[in-house]
Amino acid sequence: MLPPTQRLPQARELIEMDRYFVLHAPRQTGKTTALRTLASELTADGDVTALMFSCERAKSAGDDYAAAESLLLDSLREAAKWSGWPEELLPPDPWPQVTPGCRFGSALTEWCHRSPRRTVLFLDEIDALQGNSLVSILSQLRDGHNTRPGGQPFPASVVLCGLRDLRDYKVASGGEPGRSNPASPFNIVESLRLGDFTADEIAELYDQHTQATGQEFTKDAVDRVFELTQGQPWLVNALAYEITIQMKVTSAITAGQVEDAKERLIRKRAPHLDALVARLREPRVKRVIEPILAGDFPDVDLTFSDDLSYVCDLGLVKQKPPLEVANPIYREVILRVLGDPSEQYVMADPHSFVLPNGRFDLPRLLEEFVVFWREHGEVLIRQEGYHQAACQIILMAFLHRLVNGGGQLDREYAAGTKRLDVLVRWPYTGPEGERLTQREAMELKVWRAGENDPMPDGLMQLDRYLDRLTLTTGALVIFNRRPEAPPWKERGAFEQATTPSGRQVTVLRV
């Protein structure tokens, strides 16, 4: 485990300045561990009573703010009871009996009045509070915060910890739906985000395993973990756990074993991944993810920044432009989940695409896709909830069904690129018994109503992709979504084309 408080250097500074602030990050990134450690360190210093407690129980209260107050105060008292503090630091028992809607703030005031130390409070899982309960608790915190200059006892610092950034608390606590409202009951302005691991931090974390067990992670393995996860803490730990515990690897860990572990995690849909993909049907999430899949620019209006902030807080997309999915594992999971209904229509036998020399027959796969598209494309597009990205999702489902049995797919896509890049990696044995990898690159484009033929741009983009991969040829697939497109039974024309750099490539129009 990396030292938790080193990941949050600003938190201690803000607490020492008596600030109230938000700490947010996606699930399973280490927020709770960091706060628990920070609370212990602050209390051990001797002049602060720092307590972390969870708001999770109050989720059941919904809009019943009186019930939410009772549940929160019970959780607070229980956390203090098990802290091992001396009697003079514990909260009062019983709490003051006051009107519901004031009980939480009054209880904190009474506790701080009795305590010989400054009180610091960490409200973990604050997202659990709903509707009027959230409005009530945040309003009481605001009122208590504002009375401190007049001498009324109240926690010196309060940290709200959860998935959401400040903007979403403003919306949830009384703002106009879909818009942040600075006049809402919550007026705390500081917000920290617990970041992902750097490549060096992953190396440091895995080195602790090496020091403890003697089992090494090769540099290529560590680099591949960072490439696949972009430092997402749960994924970093899950890959190592899968390799060392589930796969029972005892030798030095290689990049190939990291790749195997990634595939196992995705196939069994670990709870962390399931929780993310469950969000894909939410309108706010779909509004951000769909143009990323389609390669289009999103429709931006006054509410889009709120939706984007929400999806960033979930950890699904990167914090900084360009707008793209946060890491390759999430990128693959999203397409697999969305493409699963289409994959059920693919009846071809994956083994039939393996040539006698062990290589993969990509030209035949494209021919089979034409047959599949003519038969099922129109129906699948109508069924696809992500209508804007239907072509990309369906082709990825077809490729996944036929390639992933023996090879792997790498996918690259981002909003505004107007394309999706695909790399097929297929291992096979050479004539001398050597292990080789066949690589085949494809570019996907969609020709929409009112647009020019995307083939010239597609050839140029494919050229750049092949340059990066150091490949001499590839394929460009163009989906015709215009009203004047040929009838479905006539789609599937192949032609050979030359890229700007002189490469000979295959173009498939469907």
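A residue is called buried here when its relative accessible area is under 20%, exposed when that area is over 50%, and partly exposed in between, with a 1.4 Å probe and protein chains only. The structure is a predicted model, in which local features need pLDDT of at least 70 and side-chain atom pairs count only at pLDDT 80 or more, while totals for chains, interfaces and linings use all residues. Residues are numbered from 1 along each chain as its sequence is written, and side-chain values use heavy atoms, with hydrogens and water left out.

Of the 510 residues of the protein chain, 53% count as buried, and the C-alpha trace spans about 80 × 55 × 40 Å along its principal axes. The secondary structure comes to 17 helices and 11 strands, where helices (H or I, at least four residues) and strands (E, at least two) are DSSP runs numbered from the N terminus. With contact meaning heavy atoms within 4.5 Å, 68% of the contacts between residues at least 6 apart in sequence join residues at least 24 apart.

Helix α10, residues 255-267, has 13 residues and reaches 19 Å from its first C-alpha to its last, close to the 18 Å expected at 1.5 Å a residue, the expected span being 1.5 Å times one less than the number of residues. The buried residues of α10 are Gln 257, Val 258, Glu 259, Ala 261, Lys 262, Glu 263, Leu 265 and Ile 266, and what covers them includes the helices α8, α9, α11 and α14 together with the strands β6 and β7. Just after α10, Arg 269 takes a positive phi of about 45°.

Strand β7, which is part of that cover, also leads into a set of paired strands, two strands being paired if DSSP finds at least two bridges between them. Strands β7 (residues 420-429) and β8 (residues 435-447) run antiparallel and are joined by 10 bridges, with Tyr 428 standing opposite Leu 436 in β8. The hairpin of β7 and β8 has 5 residues between the strands, and in this hairpin Gly 433 takes a positive phi near 85°. Strand β8 is joined in turn by 6 bridges to β9 (residues 475-480), and these two run parallel; here Met 442 stands opposite Ala 475 in β9.

Elsewhere in the chain, Thr 109 has its place in helix α4, residues 103-114, and counts as buried because its relative accessibility is 16%. Leaving aside neighbours within four places in sequence, Thr 109 is in contact with Gln 152, Pro 153 and Phe 154.
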